[in-house]
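Here is a short report on charged side chains. Look over the structure first, then read on.

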Amino acid sequence: MLKPKMTPTRELVNLDGTWLFGIDSRLGDEPWRGALRTPLEAAVPASYNDLFVDDEIRSHVGWVYYQRRVQVPRGWSEERILLRFDAATHAARVYVDDALVGEHVGGYTPFAVDITEHVSAGTAFRLTIGVSGDLTNETIPPGKIEVGMTGKRVQTYFHDFYNYAGLARSVWMCTTPRSRIEDVVVSTDFDGTVGSVTYAVDVEGEGAVRVVLRDEEGAVVASSSGASGVLTVPDVTLWKPGAAYLYDLAVELHDADRVVDAYSLPVGVRTVEVRGTQFLINGEPFYFTGFGKHEDAPVRGKGHDDAYLVHDFQLMEWIGANSFRTSHYPYAEEVLEFADRHGVVVIDETAAVGLNMGVVGGMSGTPPFPTFSEQYANAATQAAHAQHLRELVTRDRNHPSVVMWCIANEPASNEDGAREYFEPLVQLARELDPTRPLSYALVMFATFQNDQIIDLFDVVCMNRYYGWYVASGDLATAEAYLTGDIRGWIERTGKPIMMTEYGADTMEGLHSVHTQVWTEEYQRDYLAMNHRVFDRFPEFVGEQIWNFADFATTNAIHRVGGNKKGVFTRDRRPKSVAFDLRARWTGLEGRKPGTGTTEQGGR
Ligand code: BDP
């Protein structure tokens with residue numbers, strides 16, 4: 001689905017602001033059938049949980065309702081009119097006045113609802129949206145809802161970050177012409193100095209397609225007609241990590257000489273390939289430095305915020321990070337657009353986190369019952385996962401910054417049933433996008449001896465906490481474990497290997513002359529040990545620390561005010577280790593530490 005934008009043929013009204021808000025238990029039956037009877041207003045975009053001083057709202061299980069009035073511009077009588085939700089976490093029902101006009105499941109991908117038949121240009125309507133943050137074993141991510149001792153429904157889930165819910169991204173009302181450009185898919189390649197952009201335009205209705213590719217100065221470099229084709233780009237300027245370059249692909253739908261629809265999108269010409277143990281961008285070995293992140297901030301929860309967007313990218317640039325993983329769900333499209341414009345490399349992850357009953361077993365990793373079973377990750381879970389993957393890939397496949405898909409975080413890939421569960425998903429991902437490598441982030445219980453699915457994937461992405469959850473406070477033992485673990489994966493797979501999570505909880509301001517977990521010194525020593533090990537293996541292609549910043553978690557007793565593995569605090573102040581990382585990462589330009597200079601990153 002194309003992101004709505006103003007074009008010569010499309011209009012857009014932003015519906016962000018404060019909306020009436022209430023939780024279902026306080027609103028009565030069918031609350032959309034009139035003005036919401038509530039004194040509360042919620043900010044959009046924002047998760048609703050932390051906005052109010054009210055625990056019942058914060059931990060509400062069930063539906064909440066947002067409502068506002070919307071004026072349809074009077075010039076829209078001939079247009080197709082849509083509502084577009086950039087995200088409603090995790091399920092949504094949309095009502096125009098009394099009518100249910102659309103539904104969606106999946107909390108981190110956008111959806112649109114055609115309301116042309118329900119509204120009229122020049123009039124106003126009441127827009128109500130029900131949002132549910134509930135997680136069950138048929139949602140992605142999965143969770144469990146039980147009726148607790150008090151008779152209340154209690155939500156549990158198998159990931160540590162707080163289950164923020166609500167309208168965390170923007171809401172739009174927009175138009176498209178009736179005959180229209182429905183979708184555009186591009187892929188790119190180059191041979192020497194000549195680039196190529198392969199495009200396919202999906203048209204709804206009548207019209208002939210014309211496309212024009214312009215460079216950053218606005219000069220036309222190629223053009224073509226027809227719904228699909230290949231554009232040749234002489235003297236191509238490649239999109240490179242640290243040196244973004246974006247062409248503009250203008251797509252028009254014509255009826256004779258009349259432009260029926262127009263849409264344009266940025267295109268970065270670059271290639272991605274896994275060859276042997278190397279991860280190649282534009283044919284050159286690339287070394288990932290950076291973080292697993294979260295969309296997380298005080299008060300707004302997972303609400304998208306351009307100020308945090310800009311600041312987080314500034315901090316990543318300052319520290320020398322060239323990449324991040326969208327752990328553990330697809331991020332706002334604005335984040336990927338920003339990464340495209342600034343040459344930051346992204347591993348794009350689905351929200352499939354917690355497909356692992358082993359985590360319930362604690363450090364033993366023994367699941368109380370099999371993960372891939374009727375009871376938990378069953379056919380319905382797999383269908384939800386497939387749908388989620390489809391929505392992620394179709395949303396993000398045109399972003400040059402996205403170099404790899406991560407289809408799950410820490411699934412029980414060591415358990416029976418993992419193969420049957422993942423094989424069709426891998427096949428689907430490869431059909432949706434044959435151009436990008438695939439990965440999943442490996443849980444520590446999944447070892448090079450017992451993992452059942454790694455051969456289906458292209459890159460070994462390890463999440464490992466030696467020196468934290470294993471061998472806590474004993475970095476010598478941790479180093480031995482880590483070394484053996486990496487060596488085992490190299491011997492088993494012959495694939496590129498990277499660390500997608502390693503980290504130590506660190507209380508800012510806590511210091512000790514002794515080796516003590518939670519101190520700022522321990523975080524530094526822990527990372528230094530990891531880096532020493534990584535640098536010994538030529539097959540190692542990257543390091544993404546867990547986590548960029550401290551983030552909110554559930555009320556778990558082993559978390560003091562959230563997960564503190566951030567290199568920055570939740571309000572983005574550096575811990576001591578940030579300066580070590582800066583020293584290690586700046587100037588690398590995509591090369592492995594200690595391996596000299598490179599063209600990578602230069603234009
Ligand atoms: C990993 C998870 C991540 C957690 C992290 C931790 O992938 O989401 O936050 O552990 O415990 O297992 O800090």
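Is Lys 565 buried or exposed? Lys 565 is buried, at a relative accessible area of 1%. Here buried means under 20% relative accessible area, exposed means over 50%, and partly exposed lies in between (1.4 Å probe, protein chains only).

## About the model

This is a predicted model: local features need pLDDT of at least 70, side-chain atom pairs count only at pLDDT 80 or more, and totals for chains, interfaces and linings use all residues. Residues are numbered from 1 along each chain as its sequence is written, and side-chain values use heavy atoms, with hydrogens and water left out.

## A buried pair

Side chains of opposite charge can pair when their charged atoms come close. Asp 505 and Lys 565 form a salt bridge at 2.6 Å, N to O. The term covers a side-chain nitrogen of Lys or Arg within 4 Å of a carboxyl oxygen of Asp or Glu.

Asp 505 sits in the loop between strand 29 (497-501) and helix 7 (520-534), and Lys 565 in the loop between strand 30 (540-546) and helix 8 (577-585), so the pair ties together parts 60 residues apart in sequence. Helices (H or I, at least four residues) and strands (E, at least two) are DSSP runs, numbered from the N terminus. Asp 505 is buried, with 1% relative accessibility.

## Other salt bridges

The whole structure holds 43 salt bridges. One of them joins Arg 300 to Asp 305 at 3.0 Å, N to O. Arg 300 is partly exposed at 26%, while Asp 305 is buried at 14%.

Another links Lys 144 and Glu 146 at 3.9 Å, N to O. Lys 144 is partly exposed at 38%. Glu 146 is partly exposed at 42%.
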